[in-house]
Amino acid sequence: MKSINDGKNFRVVTGSPRETKKLAQKIFQENKKELRNRCLIFALQGELGTGKTQLAKGLGRALGIKETIVSPSFTLIREYPFEVGGRRGIFYHLDAWRIETAEEWLALDVRGLIKPGNVVAIEWPEKGRETWDKIFDSLAVKVVWVNLEHQGKGERIISQPRRLGGPE
Ligand SMILES: Nc1ncnc2c1ncn2[C@@H]1O[C@H](COP(=O)(O)OP(=O)(O)OP(=O)(O)O)[C@@H](O)[C@H]1O
Ligand SMILES: [Mg+2]
């Protein structure tokens, strides 16, 4: 795992799915204190096959979830109860790829999932971005934005655009 820190953007190049999962665990550890009074949201942006689901698997591991985290591409939302550091919550894994309209979001009642102590990973948060922005602005959340990009074979550039210097 190689880190590149140019002062604005925190970037890491992972060389395997395993490294991407390890990075997910690290990012979770850095943010877990937020669970005390907020919902921790990981907004995973990146093209097909960049490793969003792999990263969500790493989050599942960080949360001590024994069940296999599988892609929610068809089910849209999967939920996994967890207990970490004596704290119980639910990990919701969402895939917005197939969602087209605001009505579909409302039908899923995503606001109801966003509660302090829960963790939500969203693949394709850029779909329905307006809906998400409204939700994020109106509830107690900490949103961790993560961008994933293809690099060479087996490599992915993973960055956190708002980690340093950017707006919170
Ligand atoms: N460094 C890496 N990190 C993560 N995955 C990698 C890496 N190198 C290769 N891969 C492979 O890339 C694929 C990533 O698949 P994954 O399902 O996580 O992508 P995704 O971003 O969730 O795609 P989708 O948009 O279809 O949901 C896997 O087959 C994985 O083995
Ligand atoms: Mg996926």
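Helices and strands here are DSSP runs (H or I with at least four residues for helices, E with at least two for strands), numbered from the N terminus. We're looking at a predicted model, so local features need pLDDT of at least 70, side-chain atom pairs count only at pLDDT 80 or more, and totals for chains, interfaces and linings use all residues. Residues are numbered from 1 along each chain as its sequence is written, while chains are lettered from A and ligands numbered from 1 in the order in which they are written.

**View 1. Helix α1 against helix α2.** Helix α1 (residues 17-31) packs on helix α2 (residues 52-62) at about 50 degrees, and their axes sit 7 Å apart. Axes are lines fitted to C-alpha atoms, for helices over the stretch in contact, and angles run from 0 to 180 degrees between N-to-C directions. That angle makes α1 oblique to α2 (under 35 degrees is roughly parallel, over 145 roughly antiparallel, 65 to 115 roughly perpendicular, and the rest oblique). The α1 side of the contact includes P17, L23, A24 and F28, and the α2 side includes L55, L59 and A62; two residues are in contact if their C-beta atoms, placed from the backbone, lie within 7 Å. By type, the contact residues split into seven nonpolar, five polar and four charged.

**View 2. How covered is α2?** Mostly: 10 of the 11 residues in α2 are buried. Buried takes 20 or more other C-beta atoms within 10 Å of a residue's own, exposed takes 12 or fewer, and partly exposed is in between, with C-beta atoms placed from the backbone. The buried residues of α2 pack against α1, β3, β4 (77-84), β5, β6 and β7. Just after α2, G64 takes a positive phi of about 75 degrees.

**View 3. The largest nonpolar core.** This core has 31 residues, of which I41, L44, L59, V120, A121, I122 and V146 touch the most other members. A nonpolar core is a set of buried Ala, Val, Leu, Ile, Met, Phe, Trp, Tyr and Cys residues joined through C-beta atoms within 7 Å. Elements giving two or more residues are α1, β3 (39-46), α2, β5 (87-95), β6 (119-123) and β7 (141-150). Strand β3 supplies the largest share, six residues. Beyond four places in sequence, L44 is in contact with K52, L55, A56, A121, I122, E123, V146 and L148.

**View 4. L40 in strand β3.** L40 belongs to β3 and is buried, with 24 other C-beta atoms within 10 Å. Its C-alpha atom is 9.0 Å from that of A140, 100 residues apart along the chain. Not counting residues up to four places away in sequence, L40 touches N31, E34, L35, V119 and K142.

**View 5. I69 and L76, in the loop between α2 and β4****.** I69 is buried, with 21 other C-beta atoms within 10 Å. Leaving out residues up to four places away in sequence, I69 touches A56, K57, G60, Y80 and H93. L76 is partly exposed, with 17 such atoms within 10 Å, and has a positive phi near 70 degrees despite being a residue other than glycine.

**View 6. D109, in the loop between α3 (102-108) and β6****.** D109 isn't a glycine either, yet has a positive phi of about 50 degrees. D109 is exposed, with 9 other C-beta atoms within 10 Å.

Terms used
Nonpolar A, V, L, I, M, F, W, Y, C, P; charged D, E, K, R; others polar.
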